[in-house]
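Take a look at it first, then read on.

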Amino acid sequence: MTNTNREVRLAARPAAKAGPEHFALVETAVPEPADGQVLVRNTWMSVDPYMRLLMNADAEAVLPPYQVGEPLFGAAVGEVVASRSPRVPVGATVTHFLGWREYAVVDAAEATVVDTGLAPARAYLSALGPTGLTAWAALTEVVPVREGDVVFVSAAAGAVGSVAGQIARKLGAARVIGSAGGPDKTKKLVHDLGFDAALDHRKGDLTGQLAKAAPDGIDLYVDNVGGDHLEAAIEAMRTGARAVLIGAISGYDTPVPGPRNLDKIVQRRLTLRGIQVSDHFDRFPDYVARAAGWLADGSLRTEETVMEGIANAPAALLGVLTGSNTGKMLVKL
């Protein structure tokens, strides 16, 4: 094991769009675990849109904002290389929330041992991690799919959206429509992930595109984008339709106008509900048991975009914000 650790710190808070200048790669000594802690050599880290929000001092989020001069944090998976806890042995593969660094000292109570015989370690950051659980909880607890629903998923080629579309089908949706950016992604939605139709938001006129794909309207909208996507979805929602609001990535880096047709929420008696995946962590065991079987039999397909090395972690986050990823954005450490 090396004596050198590298970590990414917040160098400055962005006044507008985030850029490379807002991150600093810093070399430190590998930390030593205390009693009740383990030292983890991180092998994979997750990069997610919400991380841009935490770069702001006034971030309104479940998690506290990142602090200038301090390492960023987020989901990671790795190998325990030193342990001072009987609960987590050396050699175990664990998930935890101290990503953005090559080595992390983690309280044993905050490290979750995962079964790499069931699925690869990185799957516990995507389909078997908070990404997959978000889609599952959204469509089974927050706004359950009903048999015969027409479902529209925005950012459907992204980490949560790609899983949500497939789960909606498993739960009885009659038609699943996704939006993505560019012909390669829209083709993948239909040919690889089983969507019935795909809209290319780069072509504009989302409202018109959605009207053609769902001429009789939609019953359920899975929102990962906000802005013009939410406006188009509200326009297409039938009386009594529902929406689950997972994210609003279109406004994370640069503010965007909100929907101009909110009056239709009242007129059509629509239901819009937000979700925080942390409220549903008790569902993890049940979800992982189901989803691992789907991954094994091929009925749940996942996509990944992988960046190599911690030095490329900032570029990975900036890429997520501009839609450069297909599926889950991961950094291999």
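A salt bridge here is a side-chain nitrogen of Lys or Arg within 4 Å of a carboxyl oxygen of Asp or Glu. By that rule, the count in this chain comes to 18.

Before we dig in: this is a predicted model, where local features need pLDDT of at least 70, side-chain atom pairs count only at pLDDT 80 or more, and totals for chains, interfaces and linings use all residues. Residues are numbered from 1 along each chain as its sequence is written, and side-chain values use heavy atoms, with hydrogens and water left out.

**The whole chain**
- You'll find nine helices and 15 strands; these are DSSP runs (helices: H or I, at least four residues; strands: E, at least two), numbered from the N terminus.
- Along its principal axes, the C-alpha trace spans about 60 × 45 × 35 Å.
- Of the 333 residues, 53% count as buried (buried means under 20% relative accessible area, exposed over 50%, partly exposed in between, with a 1.4 Å probe and protein chains only).

- Arg6 and Glu102 form a salt bridge, with their closest N and O atoms 3.0 Å apart.
- The two partners sit 96 residues apart: Arg6 is in strand β1 (residues 4-10), while Glu102 is in the loop between β5 (93-96) and β6 (103-107).
- Arg6 is partly exposed at 29% relative accessible area, whereas Glu102 is buried at 18%.

- Eight of the ten residues of α6 (residues 227-236) are buried, so the helix is largely enclosed by the rest of the structure.
- One of those buried residues is Glu231, whose relative accessible area is 15%.
- Glu231 meets Arg260 in a salt bridge (2.6 Å, N to O).
- Arg260 lies 29 residues away, in the loop between β12 (237-245) and α7 (263-267), and counts as exposed at 72% relative accessibility.

- Which residues does the network of salt bridges link? Glu141, Arg283, Asp286 and Arg290.
- Within it, Arg290 and Asp286 pair up at 3.3 Å, N to O.
- These two are four residues apart in α8 (residues 284-297), so about one helical turn separates Arg290 from Asp286.
- Both are partly exposed: Arg290 at 40% and Asp286 at 34%.
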